[in-house]
Amino acid sequence: FEEAVQTYTGAPQEVANWMTGQLFALLKAEEGDIASLSIRPADLADLVGRVEAGTLTVSNAKTVLGEMFTTGGSPDPIIARHGLSVVEDSGAVRQLVDQVLASHPAQVAEYRAGKAALEQWLFGQVMRLAGGRAQPASVRQALREALSSAENRQPGL
């Protein structure tokens, strides 16, 4: 923990949360102990920093941590190998939203008719299309904008 915090630029609590939550869960599942851990503290700090910076989703960070735990590798090659980096381009997020809305006109019509719960379903469809690589807050914002915009109030959208 101390070594990871030395290289981490954020709040130490974030490193502690990942250690006591995700990392200890992996250790418990493998019946291992902290002394046998192959993850370098700097790599753990790097992973936590990426989540806090928004360049890696929590879900994908858990996947990366699992592989780091197994292989002892660092985040960069794991992220690259599995294509887990976040879709940061707002235009790309909006394209994903538009694609989902165009693919599900009946659900969009139901949403506009007052079935507000469909927003969550549409959100899930966008996240699925993005492969979990889009930041949830960005998707929610783009989805709300698209659902409320006049251009999408045409029949069939």
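**Notebook: helix packing and a few single residues**

**Entry 1, α4 against α5.** I began with this pair and found that Val64, Glu67, Met68 and Thr71 of α4 meet Pro75, Ile78, Ile79, Arg81 and His82 of α5. Contact here means heavy atoms within 4.5 Å. Helices are DSSP runs of H or I with at least four residues, strands are runs of E with at least two, and both are numbered from the N terminus.

The model is a predicted one, in which local features need pLDDT of at least 70 and side-chain atom pairs count only at pLDDT 80 or more, while totals for chains, interfaces and linings use all residues. Residues are numbered from 1 along each chain as its sequence is written, and side-chain values use heavy atoms, with hydrogens and water left out.

I then looked up the geometry of the pair. The axes of α4 and α5 come within 10 Å and cross at roughly 120°. An axis is a line fitted to C-alpha atoms, for helices over the stretch in contact, and the angle runs from 0 to 180 degrees between N-to-C directions. α4 and α5 are therefore oblique to each other. The classes are: under 35 degrees roughly parallel, over 145 roughly antiparallel, 65 to 115 roughly perpendicular, and the rest oblique. The crossing of α4 and α5 is right-handed. A crossing is right-handed if the near helix is turned clockwise from the far one by less than a right angle, and left-handed if anticlockwise.

I checked its length next. α4 has 14 residues, and from first C-alpha to last it reaches 20 Å, close to the 20 Å expected at 1.5 Å a residue. The expected span is 1.5 Å times one less than the number of residues. Its buried residues are Asn60, Ala61, Val64, Leu65, Glu67, Met68 and Phe69, and they pack against α2, α3 and α5. Buried means under 20% relative accessible area, exposed over 50%, and partly exposed in between, with a 1.4 Å probe and protein chains only. After α4 comes Gly72, with a positive phi near 80°.

Is Glu67 buried or exposed? I have it as buried, because its relative accessible area is 18%. Glu67 lies in helix α4 (residues 58–71). Beyond its neighbours within four places in sequence, Glu67 is in contact with Gly72, Ile78, Arg81 and His82.

The axes of helix α2 (residues 12–29) and α4 come within 10 Å and cross at roughly 45°. I therefore logged α2 and α4 as oblique to each other. Their crossing is right-handed. From α2, the contact is made by Trp18, Gln22, Leu23, Leu26 and Leu27; from α4, by Val58, Ala61, Lys62, Leu65, Gly66 and Phe69.

I also looked up Glu31, which sits in the loop between α2 and α3 (41–53). Glu31 counts as exposed because its relative accessibility is 75%. Glu31 and Val64 are 33 residues apart in sequence, and their C-alpha atoms are 20 Å apart in space.

The 13 residues of α3 should span 18 Å at 1.5 Å a residue, and the end C-alpha atoms are 18 Å apart, which agrees. In α3 I listed Asp43, Leu44, Ala45, Leu47, Val48, Arg50 and Val51 as buried. Their cover includes α1 (2–7), α2, α4 and α5 (75–82).

Helix α6 (residues 90–103) has 14 residues and reaches 20 Å between its first and last C-alpha, close to the 20 Å expected at 1.5 Å a residue. Val93, Leu96, Val97, Val100 and Leu101 are its buried residues. They cover an arc of only 130° around the axis, so they are on the same side of α6. The arc is that of the directions from the helix axis to the C-beta atoms. An α-helix has 3.6 residues a turn, so residues three or four places apart point the same way. What covers the buried residues of α6 includes α7, α8 and α9 (136–148).

The crossing is right-handed. Glu119, Gln120, Leu122, Phe123, Val126 and Met127 of α8 meet Pro136, Val139, Arg140, Leu143, Arg144 and Leu147 of α9.

Last, I looked up Ala116, in the loop between α7 (105–112) and α8 (118–129). Ala116 counts as exposed because its relative accessibility is 51%. Ala116 and Pro105 are 11 residues apart in sequence and 15 Å apart in space, C-alpha to C-alpha.
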